[in-house]
Amino acid sequence: MTKRMVIMLVCVGVLFGAIFGWKAFVNHMMTGFFDNMPMPVANVSTAEATRDEWALSLDAVGTVEAVNGVEVTSQVGGEVAAIEFTSGDQVKKGDLLVRLESRADQAQLKALQATAQLAAQEYDRYQRLFKQGSISQSELDSRRAQRDQSMAQADAQRQQLSYKTIRAPFDGVLGIRRVDIGQYLQPGTPVVSLAQLDPIFVNFALPEQTLSKIETGLTARASLDAYPDQTFEGTITAIEPGVNETTRNVTIQASFENADQRMRPGMFANVAIQLPQSEPVVVIPRTAVAYAPYGNAVFVIQDAPAKESEQAEQQSEDGAGKIVRKRFVKLGRQRGDLVVVESGLEPGEIIATSGLLKLRNDAPVAIENDVQPSAEATPEPANS
């Protein structure tokens, strides 16, 4: 009985050993197959890292502000008798906007004008009497004072009456009206906003270290989120004489032509100041960069080693025997479709500009440059 048990256990052990051995053999063969399986050839377009001269520039963020912008208000109280504008109108300086009820003021003005006229006539009569020696100098002076006082009261009432008509203080564009017919306005009540939009300012701040590089007359280019395909060009017109003690920034103002009124007060603007100096840089298309949180990289095209070259030539249509090597780079400024490589790449090296998602180290590639991604420093939209 014991002998049979031993024989059975040996047979079972041999059987399981054969099964596990076969499984290990199959896994080994599959691993070797996949390890030696050639990588598929990826079709890529390429570009050369080139040396260029780029003008130095300073970047900042700013805010668009009107040259003149106010809330038109009433200087005196009164009931709105007429509204002489429509929201959004273009107006000239002095154009009538709102007329307040003024009949009582006009009647008061007429009374004061009559009093002033009577005082003037009395003064003329007293002048003749003084020349005849009928009255004293003091009586003539008293009549002169009465005349001047009456005329001043009439002028004051005339000025008060002019406040009953609210006019545009300068040329500009009106906003949305905030009053209605019959509404009683308290002094200082906003009637409508008014802004002068052409030209227009962009105010922005730069660190104090840049003061030695900037001056009035330099070109400033602004881009707005509302018009991503358009760049607005202006000129630096003012530099704040002092530096902010808290931020150590200096405020700068640039003036822009705005005939089409696309730039509106309050807009956020990205500003680039073009400096007269330039520097040599190495530039590549932005499409050649594989962006990642742990570092940006490019894929450099290289000749494959002998063994890999034969394999690549067999799979590649052009028989070039090329592979890619991933290389991390440090990027700098961007301009249009181009980006500066500060380190990690030398001028003249060839890099892949498309198909980056299917590339990895030592992957064979076939170069197809029939269709190239855009790589312009100053790209323009097709419908411009």
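Analyst: Happy to. Two strands count as paired here if DSSP finds at least two bridges between them. Please keep in mind that this is a predicted model.

With that cut-off in hand, let's begin at strand E8 (residues 172-174), which pairs with E10 in the antiparallel sense over 2 bridges. Within that pairing, Leu 174 stands opposite Leu 194 in E10.

E10 itself spans residues 190-207, and E3 pairs with E10 over 11 bridges, again in the antiparallel sense. One place to look in that pairing is Asn 68, whose bridge partner in E10 is Gln 196. Strand E13 (residues 249-256) is also joined to E10, by 8 bridges, and these two run antiparallel. There, Leu 206 has Val 250 in E13 as its bridge partner.

Now go back to E3 and follow the chain onwards. Between strand E3 (50-73) and strand E4 (78-83) there is a loop, and Val 76 is found in it. Is Val 76 buried or exposed? Its relative accessible area is 9%, and buried means under 20%, so Val 76 is buried. Beyond its neighbours within four places in sequence, Val 76 is in contact with Leu 100, Gln 160, Tyr 163, Lys 164, Leu 185 and Pro 187. Gln 108 lies 32 residues from Val 76 along the chain, and 16 Å separates their C-alpha atoms.

Conventions:
Residues numbered from 1 in each chain as written. Predicted model: local features only at pLDDT ≥ 70, side-chain atom pairs only at ≥ 80, totals over all residues. Heavy atoms only, no water. Helix = DSSP H or I, 4+ residues; strand = E, 2+ residues; numbered from the N terminus. Buried < 20%, exposed > 50% of the residue type's maximum accessible area, 1.4 Å probe, protein only. Contact = heavy atoms within 4.5 Å.
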